[in-house]
Amino acid sequence: MKKIFFLGLVVGLVLSLSSAAHANMLVNSSFETPMGDNADPDGWWGLREFPTATDVVMKTATAEQYSGAQSGRITMTANTSTPRNLWAGWGQEVSIGAGQQITASAWLKATARNYANPKLQLEFKDMGGVQINKTSVAAPAGTFDWTNLSTTVTTPAGTETVLVNLLVEKTSGGASGEFYWDDASIDVAAVPEPASLLLLGSGLVGLLGVSRKKK
Ligand SMILES: [Ca+2]
């Protein structure tokens, strides 16, 4: 009986450790809170380099969704008088230290795309908010149905926060397209610290000792 109890205890502890490994750190990650034109979705910062509001319209949309009732839509309109290499999107910053293995993921659908490049981008920042490094996952070419963009990386030395960006970059004045983002996430892989493992181990040894004394 006691052996079964301890086995259950160990399984429970292992399960609680592994479930902690898959907690999404982003809020409103499925864009389920409605927002008006060019407002910031709950929890996200609206990022835009466009000189006029009509060049790009960012809002939640019920027309398409990967899950739930809506997604975040970025509509880019061709305007040949605007300069190149502009971008628009949403960002969310989370506290993650150096040397952590993180997985970032988001779902994307693109329609009517022309010289506009969507990407999932991670920026690693130090204590002062200065960018240390960045990495990004490019989308497939052309138009596509819901597609997962995902990357697993280890945060560089000095990292204090990670900024997750869901972007669309304009590479030509005539760039246009309709882009839907949904179900974004960032997870930190749980690596049990030696100290907590030691504590766990000594606790189990202690429990076993108590059970033996009772015999
Ligand atoms: Ca959604």
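This is a predicted model: local features need pLDDT of at least 70, side-chain atom pairs count only at pLDDT 80 or more; totals for chains, interfaces and linings use all residues.

Biologist: Okay, and which residue is the bridge partner of L108 in β10?

Modeller: That's W181.

Biologist: How many bridges join β5 to β10, and which way do they run?

Modeller: There are 10 bridges between β5, residues 101-114, and β10, residues 176-188, and the two run antiparallel. Another pair there is T103 with D187 in β10.

Biologist: What about β3 and β10, how many bridges there?

Modeller: β3, residues 71-76, pairs with β10 over 5 bridges, also in the antiparallel sense. M76 stands opposite G177 in β10.

Biologist: So what's the strand order in the sheet?

Modeller: It's an open sheet of 5 strands, going β2-β3-β10-β5-β8, with antiparallel pairing. At the edges you have β2 (56-61) and β8 (144-154), each pairing on one side only. On average, neighbouring strands of this sheet are turned by 25° against each other, direction ignored.

Biologist: Switching topic: which residues have the most contacts inside the largest nonpolar core?

Modeller: I74, A88, A106, L108, V168, F179 and W181, in a core of 32 residues.

Biologist: And which strands supply at least two residues of it?

Modeller: β2, β3, β4 (86-95), β5, β6 (116-125), β9 (161-170) and β10 each do.

Biologist: Which one gives the most?

Modeller: β5, with 6 residues.

How values were computed
Residues are numbered from 1 along each chain as its sequence is written. Two strands pair if DSSP finds at least two bridges between them. Helices (H or I, at least four residues) and strands (E, at least two) are DSSP runs, numbered from the N terminus. Axes are lines fitted to C-alpha atoms, for helices over the stretch in contact, and angles run from 0 to 180 degrees between N-to-C directions. A nonpolar core is a set of buried Ala, Val, Leu, Ile, Met, Phe, Trp, Tyr and Cys residues joined through C-beta atoms within 7 Å. A residue is buried if 20 or more other C-beta atoms lie within 10 Å of its own, exposed if 12 or fewer, and partly exposed in between; C-beta atoms are placed from the backbone.
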